[in-house]
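Take a look at the structure first, and then go through the points below.

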Amino acid sequence: MEKQVKMKVPVLTGVDKEVFRRDIYPMRRPVVLRDVGLGPCLDKWTLEYLTQKGGNCEVKVHVSTVPQMDFLHKNFVYRTLPFDKFIQRAAEKKHSDFFLCQDESYYLRSLGEDVRKEPADLRKQFPELAEDFHIPEFFESDQLFSSVFRISSCGLQLWTHYDVMDNLLAQVTGKKRVVLYSPEDALHLYLSGDKSEVLDIDSPDLERFPEFVKACRYECVLEPGDLLFIPALWFHNTLALQFGVGVNIFWRHLPAERLRGRWRRAQCKVGHFNVGSHWWTDKMGRGVMLPCHSQGVDAVVRLAFILSSRLERWLLFDSSSSILSSADRNCHQGKTKKNQKTIIK
């Protein structure tokens with residue numbers, strides 16, 4: 001049986017902002033960064049400390065009877081718990097108090113106060129804990145989009161998906177395995193939106209997903225204090241090897257003022273996964289620029305960017321400054337001839 005090619009994600013130590021911006025960021029490939037100061041959280045965030053500082057504020061969490069969570073088929077439920085109760089349950093393997101079963105798994109992804117308008121911000125949702133965590137200064141402060149608090153039961157595995165922003169995954173406590181796939185392998189991942197239909201990436205059903213073995217697998221294990229740079233549109237799947245706490249830092253590709261104004265002409269041939277130029281548009285006709293570095297951007301990546309319905313909210317884009325004509329919108333819907341040019345005004 002054919003097997004996937006496996007690659008180790010490189011590990012670098014002592015990386016500062018200058019080295020990151022010059023040598024790592026332009027390559028558009030995942031890298032594990034060690035010995036980057038994350039602050040006193042590495043020593044302080046014990047179970048007791050988290051319980052005390054998090055208090056009894058209510059949090060909405062994923063609960064599943066199996067540790068392998070599947071977003072496409074929703075094999076989990078959402079439940080609300082006081083944070084101190086949640087943290088105790090997430091750290092347990094067997095529960096005396098439970099929603100579904102004694103060995104149910106828990107997952108917290110922090111949310112903004114208004115999930116439709118406000119991104120997650122550790123400083124707002126958990127201000128006392130935020131004092132312990134130092135955001136790495138690898139990008140400009142006005143590019144910061146969100147800081148997402150994540151807590152997982154041991155054994156919890158999250159579905160393979162991509163994000164449209166660059167991010168740093170900081171592992172504060174516990175160990176976590178991360179498997180990544182390049183955007184260039186998108187056609188081998190059996191996508192449904194931004195998620196892969198291949199749930200079991202370690203023992204995939206090759207009768208259903210025969211192309212999956214053609215995707216190159218990049219893998220690493222994060223230890224406390226590690227940072228994983230995940231470039232935008234790289235697919236990733238996480239497995240908590242231990243009960244663990246982490247923080248995701250997302251940032252915009254461009255400063256806010258660069259996301260408004262008049263946009264360039266672009267080639268649109270969606271049916272054949274080909275969009276030219278460095279300016280992309282989403283399906284509603286809103287535009288944004290994705291940085292193209294030395295290795296370029298695969299055509300499938302461009303399509304994924306176009307189809308992202310969340311683009312406007314994530315990039316805080318002013319939709320009034322970019323509206324396609326009806327003829328241009330038809331191009332996105334496949335109603336015009338191939339190679340038709342669209343002008344974003």
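His188 sits in the loop that joins strand E9 (176–181) to strand E10 (191–192); strands here are DSSP runs of at least two residues and helices (H or I) of at least four, numbered from the N terminus. The model is predicted, so local features need pLDDT of at least 70 and side-chain atom pairs count only at pLDDT 80 or more, while totals for chains, interfaces and linings use all residues. Residues are numbered from 1 along each chain as its sequence is written, and side-chain values use heavy atoms, leaving out hydrogens and water.

**Around His188**
- His188 counts as buried because its relative accessibility is 18%, and buried means under 20% relative accessible area (1.4 Å probe, protein chains only).
- Beyond neighbours within four places in sequence, His188 contacts Glu211, Phe212, Lys214 and Ala215 (heavy atoms within 4.5 Å).

**Aromatic pairs**
- The whole structure holds 21 aromatic pairs, with ring centres of Phe, Tyr or Trp (its six-membered ring) within 6.5 Å; planes under 30 degrees apart are stacked, over 60 edge-to-face and the rest tilted.
- Phe20 and Tyr25 make a tilted pair, 6.2 Å centre to centre with 45° between the planes.
- Phe20 is buried at 0% relative accessibility, and Tyr25 is buried at 11%.
- Trp45 and Phe149 pair edge-to-face, at 5.6 Å and 75°.
- That pair links distant parts of the chain, with Trp45 and Phe149 104 residues apart.
- Ring pairs also join Phe20, Tyr25, Phe138, Phe139, Phe229 and Trp251 into a cluster.

Key
Buried < 20%, exposed > 50% of the residue type's maximum accessible area, 1.4 Å probe, protein only.
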